[in-house]
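Reader: I am new to this structure and would like to know what the terms used for it rest on. Please take them one at a time.

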Amino acid sequence: MVLVINYPVILITAVLLLLLIIVIIIIVCYKKCPLNKILVIYGKVGRNSNGSMRTHKYITKGSVLVWPFYQKYKYLDLKPKEIIVDLGKHIKDRYFKYNMKLKISFTFSRKDYNLDLSVPLFLGLSEEEIIQKCSNSIIEEFNLRTLKDHYYSYDICYLAFRSATDEVLAKFGMNTISYIDINQSLS
């Protein structure tokens with residue numbers, strides 16, 4: 001009995017198998033970024049304009065191929081986060097006489113410069129941890145800059161707090177969406 005080997009059939013089968021493997025790899029590596037998130041890719045992602053290695057890159061909309069073994073990815077949620085800060089409870093100063101409660105809404109900025117600030121600080125943290133870190137930093141900043149002049153007027157104290165909050169959130173690469181004075185909205 002003579003075994004007949006059909007080389008063209010084997011070659012076509014090998015090419016089809018190779019194409020199938022390539023398609024499967026592309027499907028597995030293809031990551032799409034929804035509009036309400038930022039896709040952060042880290043690992044080997046290329047070089048900067050000065051020739052140094054980049055550690056991460058951001059995709060704010062669209063899609064990208066994430067190569068296994070070389071790159072990993074995580075999402076940062078752009079959903080607005082809210083903090084309720086009770087300054088009367090947190091300020092440890094005998095001159096502070098206001099019962100000021102503020103609700104602050106904020107989110108991550110989509111600008112590359114701001115993402116360079118926020119990604120190392122918040123990537124991998126839960127929403128509660130992000131809120132806690134921002135809240136503690138805002139209170140610390142306000143405590144550092146409180147002067148007795150701020151205590152003479154509710155409005156001056158409120159403006160000083162907004163300024164401190166904007167400064168802290170800008171350091172974290174975030175944008176403030178709104179401030180709501182809970183005490184004034186209840187009355």
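Author: One term first: two strands pair if DSSP finds at least two bridges between them. The model is a predicted one.

Reader: What makes β6 and β7 a pair?

Author: There are 6 bridges between β6 and β7 (residues 101–108), and the definition asks for at least two, so the two strands count as paired. They run antiparallel, and Ile 84 stands opposite Lys 103 in β7.

Reader: Why are β6 and β8 said to stand at the edges?

Author: The open sheet has 3 strands in the order β6-β7-β8. β6 (81–86) and β8 (174–181) each have a single partner strand, so one side of each has no neighbour in the sheet. On average, neighbouring strands are turned by 25 degrees against each other, direction ignored.

Reader: Which helix packs on this sheet?

Author: Helix α5 (residues 154–171) does, touching β6, β7 and β8. Its direction makes about 155 degrees with that of β8.

Reader: Why is Phe 108 called buried?

Author: Buried means under 20% relative accessible area. Phe 108, in strand β7, has 3% relative accessibility, so it counts as buried. Among the residues Phe 108 touches are Ile 38, Leu 76, Phe 122 and Met 174.

Reader: Why is Ile 25 called partly exposed?

Author: Partly exposed lies between the buried limit of under 20% and the exposed limit of over 50%. Ile 25, in helix α1 (residues 7–29), has 39% relative accessibility, so it counts as partly exposed. Ile 25 is also one of the residues of a nonpolar surface patch, which has about 990 Å² of accessible area together.

Conventions
Residues are numbered from 1 along each chain as its sequence is written. This is a predicted model: local features need pLDDT of at least 70, side-chain atom pairs count only at pLDDT 80 or more; totals for chains, interfaces and linings use all residues. Side-chain values use heavy atoms; hydrogens and water are left out. Helices (H or I, at least four residues) and strands (E, at least two) are DSSP runs, numbered from the N terminus. Axes are lines fitted to C-alpha atoms, for helices over the stretch in contact, and angles run from 0 to 180 degrees between N-to-C directions. Contact means heavy atoms within 4.5 Å. Patches are made of residues with over 30% relative accessible area and no salt bridge: like charges are joined within 9 Å, nonpolar side chains (Val, Leu, Ile, Met, Phe, Trp, Tyr) within 5 Å. Accessible areas come from the Shrake-Rupley method with a 1.4 Å probe; for residues, only the protein chains shown count as cover. A salt bridge is a side-chain nitrogen of Lys or Arg within 4 Å of a carboxyl oxygen of Asp or Glu. Buried means under 20% relative accessible area, exposed over 50%, partly exposed in between (1.4 Å probe, protein chains only). Lists of a residue's contacts leave out its neighbours within four places in sequence.
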